[in-house]
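Hello,

I am passing this structure on to you, with a few notes below on its pockets and one of its strands. Please have a look at the model first.

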Amino acid sequence: MGGAGAPEWVIREDAGQPVLLALYLRQVLGIRSPDELPHLRGIQARANNRSEAAQNILERQWREYWAMTVEPQAHPSPVPLDLVDGFDTMIALPVEGFDELREAIIPHAPEALAFSQSAHSRYAKDAASKPGVSYRAYASAIAEHERQVGRRAHSFELNVQVLPLSQRGVWWIGSLTIAVTDGLRGDVVAFDAAIHPIIAELA
């Protein structure tokens, strides 16, 4: 996006099924981290009755799986990955060190897949009904940032996950990835105000 020799900015927006799946599983397994990220709407969180040691193991494995899901290029697995039964091609965990997480998530596969497919389809339908709206929202924020700082925006990349979270807001979930509540994303004025600090940080 930009002419020859001009700074390039690339923004990818989605409600990615792998990210939705990871968050669904986080909730039904009673995983706390990342603490700052709200829960998904309408999904019952699990009452935690595991021992602290068992909980800590699951939390650590889930955090690593989350990092590989959100930004796979930045978090490659040191060992081969293996698909998890019941999740089609949506979840692959390292063949070593993830036995507890693998065992814990398999019983939730049908509901987790159905939820992620439904939420992703809703996002895709909304995006298709407003072609160009997504691009314009970011382009206007970048143009405003350029006016404020008096120079062209630096080249940058940003991944945006639009998610059905229980609180409105924007959260960093990776070094180049933010989560935005779907309700906030649909509110042009509020989203414009929320995305400005993110663009200012990157550009």
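In the largest pocket, 24 residues form the lining, and E13, D126, K130, R185 and G186 are those nearest its centre. A pocket here is an open set of points on a 1 Å grid over the protein atoms alone, where a 1.4 Å probe fits, with protein on both sides within 12 Å along at least five of seven lines; lining residues have an atom within 4 Å of a point. This is a predicted model: local features need pLDDT of at least 70, and side-chain atom pairs count only at pLDDT 80 or more, while totals for chains, interfaces and linings use all residues. Residues are numbered from 1 along each chain as its sequence is written, and side-chain values use heavy atoms, leaving out hydrogens and water.

By class, the lining of the largest pocket has 13 nonpolar, 4 polar and 7 charged residues.

The second largest pocket has 18 lining residues, with V70, E71, P72, Q73 and N159 nearest its centre. β4 gives the largest share of that lining, 4 residues.

Now to strand β6 (residues 177-181): 5 of its 5 residues are buried, meaning under 20% relative accessible area with a 1.4 Å probe, protein chains only. T177, A179 and T181 point one way, while I178 and V180 point the other. In a regular strand, side chains alternate between the two faces of the sheet.

β6 pairs with β4 in the parallel sense over 5 bridges, and A179 is the bridge partner of Q161. Strands count as paired if DSSP finds at least two bridges between them.

Best wishes

Conventions: Ala, Val, Leu, Ile, Met, Phe, Trp, Tyr, Cys and Pro count as nonpolar, Asp, Glu, Lys and Arg as charged, and the others, Gly among them, as polar. Helices (H or I, at least four residues) and strands (E, at least two) are DSSP runs, numbered from the N terminus. Buried means under 20% relative accessible area, exposed over 50%, partly exposed in between (1.4 Å probe, protein chains only).
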